[in-house]
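The following exercises ask the reader to examine a protein model step by step. Each task is followed by a worked solution.

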Amino acid sequence: MTAFLHPFARPAATDFLTLVRGEGALVFDDAGRDYVDAMASLWFCDVGHGRREIADAVAEQLRTLAAFHTFDRFTNEPAERLSAALSARAPMPGARVFLTTSGSEAVDSALKLVRAARVLAGEAHRRVIISLEGAYHGVTYGGLAVGGLPLNQEHFGPMLPDVVQVPRDDPGAVARVLAERGHEVAAVFAEPVLGAGGVHPPAPGYLAELRRLCDDAGAWLVLDEVICGFGRLGHLWGAQRYGVVPDLVTFAKGVTSGYVPLGGVLVGAGVRERLEADPTYVLRHGHTYSGHPGACAAALANLEVLEGEALLEQVPRIGDRLSAGLDQLVQEGYLAGRRGDGAVWAAALHEGVDAAGVHTRMIERGVIARAVGPSTLAFCPPYVITDDQLDRTLAALRGALQAS
Ligand SMILES: Cc1ncc(COP(=O)(O)O)c(C=O)c1O
């Protein structure tokens with residue numbers, strides 16, 4: 001047994017795969033074997049592995065000013081430049097940027113910013129958060145409580161109160177909660193494409209309808225773009241893909257492609273104006289590494305790669321090839337279905353076929369996908385994945401299903 005207590009793993013587990021190197025959409029283990037990373041690691045390595053320009057930007061920053069906190073009056077250039085760059089690219093006008101080190105912290109920050117803004121606006125009674133069944137919003141208590149995956153909450157209760165969950169793609173369910181308790185509702189949380197809960201794109205018009213319902217009820221719409229942000233759906237933000245203007249956006253993962261941990265919240269005008277209204281108010285929330293210069297340097301370099309190489313233009317190619325390959329497997333009877341959007345897709349397995357087993361057999365065939373739930377395999381490759389590597393992914397899935 002190793003000293004490292006692994007996240008999302010059996011504490012009693014003893015068999016691990018040690019990865020030592022990455023390049024593009026490939027990673028290599030300690031025996032020199034290569035694997036197609038068909039999941040961008042854990043939905044994050046959008047620009048691919050082994051990018052020297054990001055490593056160099058971080059090293060250069062660490063040599064100059066490795067870290068200094070940003071509480072109170074302190075700031076640093078990378079944090080300021082990154083915030084300005086993200087604000088300029090935000091899916092809503094006039095956003096400011098709150099920085100964290102992970103997606104979970106981003107979600108908890110969004111929850112706290114929403115609540116603080118409500119209290120500051122004299123609306124302390126607006127505490128209720130509406131969120132979607134099946135949603136994944138991270139593992140810290142705030143995000144866990146608004147998340148909709150009961151297995152993840154098991155053994156960790158009690159959860160935060162004042163959360164109301166509704167089925168996804170059912171605007172009527174949201175409308176009913178708002179009709180009954182609208183005056184208590186602070187915000188509605190949603191992932192543009194529900195990711196870890198099984199890769200479910202929204203029904204046509206669903207997010208626009210959520211926006212409309214929020215507007216009518218005076219609730220804020222918070223989009224959790226930890227997976228969808230930074231181009232996964234072919235636009236920089238999922239909000240843009242589905243034509244909605246959110247009040248807040250949480251992000252992480254693709255902001256640095258994982259080279260250094262970083263997350264944050266885009267804080268739109270409605271919330272920020274309430275936070276700014278009283279010049280004596282102090283926002284007592286933040287993390288030691290909020291605005292860490294090295295992490296922000298990684299994000300700026302990552303953005304340069306994304307835009308400099310026009311990587312979002314690769315998304316339709318990836319989506320077309322993956323979905324066509326999955327369609328073929330559906331037609332041949334190997335899969336029950338497929339779903340997805342942009343460069344994030346899922347294979348729905350037939351009843352009785354265990355996703356964890358298929359995942360293992362794919363690894364034996366040199367491809368890393370991800371089991372999300374008992375009967376779904378997810379695919380979310382780096383934007384630099386080649387057609388050959390996509391075909392290798394589909395061939396490994398076919399082989400794994402044939403062996404199941
Ligand atoms: C939509 C969403 N929100 C939040 C999180 C939590 O991010 P982190 O694992 O960086 O805390 C994730 C992680 O997968 C996510 O997919």
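**Exercise 1. The ligand shell**

How many residues surround the ligand, and which are the closest? Describe also the classes of residue in the shell around the ligand.

*Solution.* It should be kept in mind throughout that this is a predicted model.

Step 1. The ligand is surrounded by 17 residues. The closest are S102, G103, S104, G138 and V226.

Step 2. Helix α4 (residues 103–120) supplies the largest share of this shell, namely 3 residues.

Step 3. Sorted by class, the shell contains 7 nonpolar, 8 polar and 2 charged residues.

**Exercise 2. The sheet**

State the order of the strands in the open sheet, and identify its edge strands.

*Solution.*

Step 1. The open sheet is formed by 7 strands, and their order is β4-β10-β9-β8-β7-β5-β6. The pairing is mixed.

Step 2. The edge strands, β4 (96–100) and β6 (163–166), each pair on one side only.

Step 3. On average, neighbouring strands of this sheet are turned by 20° against each other, direction ignored.

Step 4. One pairing may be examined in detail. Strand β5 (residues 128–132) pairs with strand β7 (residues 185–190) in the parallel sense, over 3 bridges. Here I130 stands opposite V188 in β7.

**Exercise 3. Helices against the sheet**

Which strands does α4 lie across, and which strands does helix α8 touch?

*Solution.*

Step 1. Helix α4 lies across β4, β5, β7, β8 (220–224), β9 (248–251) and β10 (263–267). Its direction runs at about 30° to β10.

Step 2. Helix α8 (residues 206–217) also packs on the sheet, where it touches β7 and β8. The direction of α8 makes about 175° with that of β7.

**Exercise 4. Helix α4 and helix α10**

Classify the packing of α4 and α10 by angle, and list the residues that make the contact.

*Solution.*

Step 1. The axes of α4 and helix α10 (residues 269–276) cross at roughly 60° and come within 8 Å.

Step 2. The two helices α4 and α10 are therefore oblique to each other. The crossing in which α4 passes α10 is left-handed.

Step 3. From α4, the contact involves L113, V114, A116, A117 and L120; from α10, it involves V271, R274 and L275.

Step 4. By class, these are 7 nonpolar, no polar and 1 charged residues.

**Exercise 5. Helix α2 and helix α11**

How are α2 and α11 oriented to each other, roughly parallel or roughly antiparallel?

*Solution.*

Step 1. Helix α2 (residues 52–64) packs with helix α11 (residues 293–308) at an angle of about 150°, and their axes are 8 Å apart.

Step 2. Angles over 145 degrees count as roughly antiparallel. Helices α2 and α11 are therefore roughly antiparallel to each other.

Step 3. The crossing of these two helices, α2 and α11, is right-handed.

Step 4. In the contact, E53, I54, A57, V58, Q61 and L62 of α2 meet P293, G294, A297, A298, L300, A301, N302 and V305 of α11. The contact has 10 nonpolar, 3 polar and 1 charged residues.

**Exercise 6. Helix α13 and helix α14**

What is the angle between α13 and α14, and which residues make their contact?

*Solution.*

Step 1. Helix α13 (residues 355–364) and helix α14 (residues 387–402) pack at about 125°, their axes lying 8 Å apart. This angle makes α13 oblique to α14.

Step 2. Helix α13 passes α14 in a right-handed crossing.

Step 3. V358, R361 and M362 of α13 make the contact with A396, L397, A400 and L401 of α14. These residues divide into 6 nonpolar, no polar and 1 charged.

Conventions: Residues numbered from 1 in each chain as written. Predicted model: local features only at pLDDT ≥ 70, side-chain atom pairs only at ≥ 80, totals over all residues. Axes fitted to C-alpha atoms, helices over the stretch in contact; angles between N-to-C directions. Helix = DSSP H or I, 4+ residues; strand = E, 2+ residues; numbered from the N terminus. Parallel < 35°, antiparallel > 145°, perpendicular 65-115°, else oblique. Left-handed = near helix turned anticlockwise from the far one by under 90°. Contact = placed C-beta atoms within 7 Å. Nonpolar A, V, L, I, M, F, W, Y, C, P; charged D, E, K, R; others polar. Near = placed C-beta within 6 Å. Pairing = 2+ DSSP bridges.
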